[in-house]
Amino acid sequence: MTTDDDARDDLDAAGVLDPWGSGSIDDYRELFEQFGIEPFAEVLPTVPSPHFLMRRGVIFGHRNYDRVLRAMDANEPFAALSGFMPTGEPHIGHKMVFDELIWHQRQGGSVYGLVADLEAHSARGMSWEAIDTYARDYVLSFLASGFDPEAGELYRQSTNRTVQDLGFELGIQANFSELQALYGFDGETDVSHMQSVITQMADILYPQLREGPMPTVIPVGPDQDPHVRLARDLAARTRYFGVTQAYASVEFEPAELAVVAAAYEARSSYATDPDRPRCAEAATWLDDPPTDLDTRAVESARRKLDNAGKEPLRPRTRILVRNAPEAAFDHLIEAVPGEKRVFDAHVDCFDLDREAARNLADRVELDHGGFGFEPPSSIYHQFMTGLTGGKMSSSVPASHISLLDDPDVAAEKVEAATTGGRETAERQRELGGRPDECPVYELYAYVLAGEDDELAETVYEECAGGERLCGPCKAQAADLMRAFLEEHQAKRDEWAERLDELDIDFEADRPGR
Ligand code: TRP
Ligand code: SF4
């Protein structure tokens, strides 16, 4: 999650989301429409005992999270991973991500937390000395929040050789033009910054390299969505085989496939022998197609069918070679049961449904040293508003509460925060406050109320109903914040004594500044 100062929204005029931008989004709806992020509300009913950040709508979007939920529900393996750039002290915005990861760990997931030190060094110019200090602070706060290091894994990008090697392999699948389009990189972008992107791709797929293919969720702010999209693409590009439906030796585009499927279904109405409808016969039928079919797809499918002439139209499952070495393809051909027809770069299977074909292709890929990666899923949380209004920024101490802040100082920051209240107590009683525009209400909802939904709702309703005034409301929040930090810091101290039990080094000892 980025929290730097920058005048811009992360969604710039060109419609590019900037992971190194300001850490603010003005319009979450645009993310659904423009980028295809799905509303979280749609999957919420199927989440087993949802986290309070899910219940309260703080987690607002996802990609393919249903895949992870299905695994959770079936007690099958799944993973969660997120990363933290050690550019400053961890604050309550990062606490959200700690909580999300820990929740997935308690749901039975294999959970990974990483320190993005290479990214901090290359994209933010942080010195290794500062990075070491902050890396330790992140790890301590993650542990103090409840992460179980024995059940999960913590690492630094810079010392994880497996991640580096995976990044190198993945880098083969991506080129500069793509990074340019996704991130707005240009001729001035330094090479290490690009390498940090590839490292993040490796982070995201690392759980599957360690433990085998499985659904993986990446909890992040929406500014990280370009990374998620690229990781999903790269995962697909490394796959050995693709599996599709086919009806004849020719290749149909997905839109055309729908047309051909309809033509196949209607075969008894036009074929001389309904057991062997000919491609050309289907083409003739398409001269006068059903109106619900896409006209352009009808036109191109009709042409292809016509060219195929007398070839029978016959449903089959097609396994295509994508990134597979020859030996793997040979092995696959041999392993296909029943009737099959072998071509240069695909094999048509007549006695194998799509799911069985996918399983077979996956097995052969793994047997031959492929990754078998599933495209990773993601969930997105809203950014917290700064206590001074505007953005929460690591470089403006009054705007955020660091998890290392002295509890009394933090309480003072809460007391001094901007609110959604009215000019006078009288007006507040009359009109009610504006909890939806209030950073103090956010503190309750995101952190202070914790599992206590009743508290969050009471604050909201009393505020909106004019029964709650900002003075006492802030005093209550300040007390809760003080107590929260006292407890958090006590746990940090306990973990600080035991850090050497962990397999993580806080002395980088690297060349460079
Ligand atoms: N780029 C992330 C940030 O700016 C940090 C990060 C590195 C990360 N690797 C990751 C986040 C993998 C999620 C998954 O904070
Ligand atoms: Fe915010 Fe509390 Fe004031 Fe409402 S009463 S506006 S929640 S500080």
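**Charged pairs and their surroundings**

Tutor: In this predicted model, Glu299 has a relative accessible area of 35% and is partly exposed.

Student: Why is Glu299 called partly exposed?

Tutor: Buried requires a value under 20% and exposed a value over 50%; the relative accessible area of Glu299 is 35%, in between those limits, and therefore Glu299 is partly exposed.

Student: What makes Arg302 and Glu299 a salt bridge?

Tutor: The closest N and O atoms of Arg302 and Glu299 are 3.4 Å apart, and a nitrogen of Arg within 4 Å of a carboxyl oxygen of Glu is what the term asks for, so the pair qualifies as a salt bridge. The two residues are 3 residues apart in helix H13 (residues 295-308), which means that about one helical turn separates them. Arg302, at 21% relative accessibility, also counts as partly exposed.

Student: Which residues are joined into one network by salt bridges that share partners?

Tutor: That network consists of Arg55, Arg56, Glu451 and Asp453. By the rule just applied, the count of salt bridges comes to 31.

Student: How do you know that Lys95 and Asp99 meet in a salt bridge?

Tutor: Their side chains come to 2.8 Å, N to O, and the cut-off is 4 Å, so the pair is counted as a salt bridge. Both residues belong to helix H4 (residues 92-106), where they are 4 residues apart and therefore separated by about one helical turn.

Student: Are Lys95 and Asp99 buried or exposed?

Tutor: Lys95 has a relative accessible area of 10% and Asp99 has 11% relative accessibility; buried means under 20%, so Lys95 is buried and Asp99 counts as buried.

Student: Why is Gly113 called buried?

Tutor: Its relative accessible area is 2%, and the label applies under 20%, so Gly113 is buried. Gly113 lies in strand E4 (residues 110-115).

Student: Which residues does Gly113 touch, leaving out those up to four places away in sequence?

Tutor: Gly113 touches Ser82, Phe142, Glu153, Leu154 and Tyr155. Between Gly113 and Ala130, which are 17 residues apart in sequence, the C-alpha to C-alpha separation is 19 Å.

Student: What can be said of the protein as a whole?

Tutor: The protein has 20 helices and 11 strands, and its C-alpha trace spans about 85 × 60 × 45 Å along the principal axes. Of its 513 residues, 53% are buried, and 74% of the contacts between residues at least 6 apart in sequence join residues at least 24 apart. The accessible surface comes to about 23,100 Å², with 46% of that belonging to carbon and sulfur atoms.

Student: How many positive and negative side chains does the protein have?

Tutor: There are 49 positive and 96 negative side chains, and the centres of these two sets lie 5 Å apart.

How values were computed: Residues are numbered from 1 along each chain as its sequence is written. Chains are lettered from A and ligands numbered from 1 in the order in which they are written. This is a predicted model: local features need pLDDT of at least 70, side-chain atom pairs count only at pLDDT 80 or more; totals for chains, interfaces and linings use all residues. Side-chain values use heavy atoms; hydrogens and water are left out. Buried means under 20% relative accessible area, exposed over 50%, partly exposed in between (1.4 Å probe, protein chains only). Contact means heavy atoms within 4.5 Å. Accessible areas come from the Shrake-Rupley method with a 1.4 Å probe; for residues, only the protein chains shown count as cover. Lys and Arg count as positive and Asp and Glu as negative; His and the chain ends are not counted. The place of a charge is taken as NZ of Lys, CZ of Arg, CG of Asp or CD of Glu.
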